[in-house]
Amino acid sequence: MAQKEGGGRVKTGDQLGAKAIAGAPTAGGGVVVEVREKKGPLRAAIPTMPFPLAVICLFLNTFIPGLGTFISAFTVLCGARSELIPQRGVCCVFWLNVAAAVIQILTAVIMVGWIMSIFWGMDMVILASYRDQGLPEDV
């Protein structure tokens, strides 16, 4: 069973929502042409930083929700890349990261912001590891 996604991409039934390499055979015998994860503007604004800095931001986000995200916003002004910069510009991406940090800080009282903050830090580390390995960020 295959579904057609917008833009002419085909997803096989057993691989819906999974990340796959284009042209690689799947378990069901079909071939995945391309599967891309759609990210919202806040998540797409997460900067790709050097690995040690990403680990520090994760550590800070774990113990002081939003602080690592706030610091990562300033890395955008210092040249860190983000998926959203070509579309929105550096200034907008900076403010989106500041907004994410404020959301994490304000909702940390009800645990939502704290959990969001930890996941944000994990995404920073994942993006940094892709950067250090030379892999594209959406693999």
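**Exercise 1. What should the 18 residues of helix 5 (residues 90-107) span at 1.5 Å a residue, and how far apart are its end C-alpha atoms?**

Before starting, note that this is a predicted model, where local features need pLDDT of at least 70, side-chain atom pairs count only at pLDDT 80 or more, and totals for chains, interfaces and linings use all residues. Residues are numbered from 1 along each chain as its sequence is written, and side-chain values use heavy atoms, leaving out hydrogens and water.

Step 1. Take the rule: the expected span is 1.5 Å times one less than the number of residues. For helix 5 that should give 26 Å.
Step 2. Check the model: the end C-alpha atoms are 26 Å apart, which agrees.
Step 3. Now look at what is buried (under 20% relative accessible area; exposed is over 50%, partly exposed in between, with a 1.4 Å probe and protein chains only). In helix 5 the buried residues are Val93, Phe94, Leu96, Asn97, Val98, Ala100, Ala101 and Gln104.
Step 4. Their cover includes helix 1 (41-44), helix 2, helix 3 (67-77), helix 4 (85-88) and helix 6.

**Exercise 2. Work out the overall layout of the protein.**

Step 1. Count the elements, which are DSSP runs numbered from the N terminus (helices: H or I, at least four residues; strands: E, at least two). You get six helices and two strands.
Step 2. Compare with the record. The unreviewed UniProt entry annotates residues 51-80 and 92-120 as "transmembrane region"; such annotations may be inferred rather than shown by experiment, feature names are shortened, and positions follow the numbering used here.
Step 3. Residues 51-80 are 80% helix and 0% strand, with end C-alpha atoms 12 Å apart. For residues 92-120, the figures are 86% helix, 0% strand and 18 Å.

**Exercise 3. Describe how helix 2 and helix 6 pack.**

Step 1. Their axes come within 8 Å and cross at roughly 170 degrees. Axes here are lines fitted to C-alpha atoms, for helices over the stretch in contact, and angles run from 0 to 180 degrees between N-to-C directions.
Step 2. Apply the cut-offs: under 35 degrees is roughly parallel, over 145 roughly antiparallel, 65 to 115 roughly perpendicular, the rest oblique. Helix 2 and helix 6 are therefore roughly antiparallel.
Step 3. Find the contacts (heavy atoms within 4.5 Å). Among them are Ala54, Cys57 and Leu58 of helix 2 and Trp120, Met124 and Ala128 of helix 6.

**Exercise 4. Find the largest nonpolar core and say where its residues come from.**

Step 1. A nonpolar core is a set of buried Ala, Val, Leu, Ile, Met, Phe, Trp, Tyr and Cys residues joined through side-chain atoms within 4.5 Å.
Step 2. The largest has ten residues: Ile46, Met49, Ala54, Cys57, Ala100, Trp120, Met124, Val125, Leu127 and Ala128.
Step 3. Helix 2 (51-63) and helix 6 (112-133) each supply at least two of this core's residues, and helix 6 gives the largest share, five.
Step 4. Zoom in on Ala54: beyond neighbours within four places in sequence, Ala54 contacts Met49, Met124, Val125 and Ala128.

**Exercise 5. Is methionine 111 buried, partly exposed or exposed?**

Step 1. Locate Met111: the loop between helix 5 and helix 6.
Step 2. At 40% relative accessibility, Met111 counts as partly exposed.
Step 3. Check the backbone too: Met111 has a positive phi of about 75 degrees although it is not a glycine.
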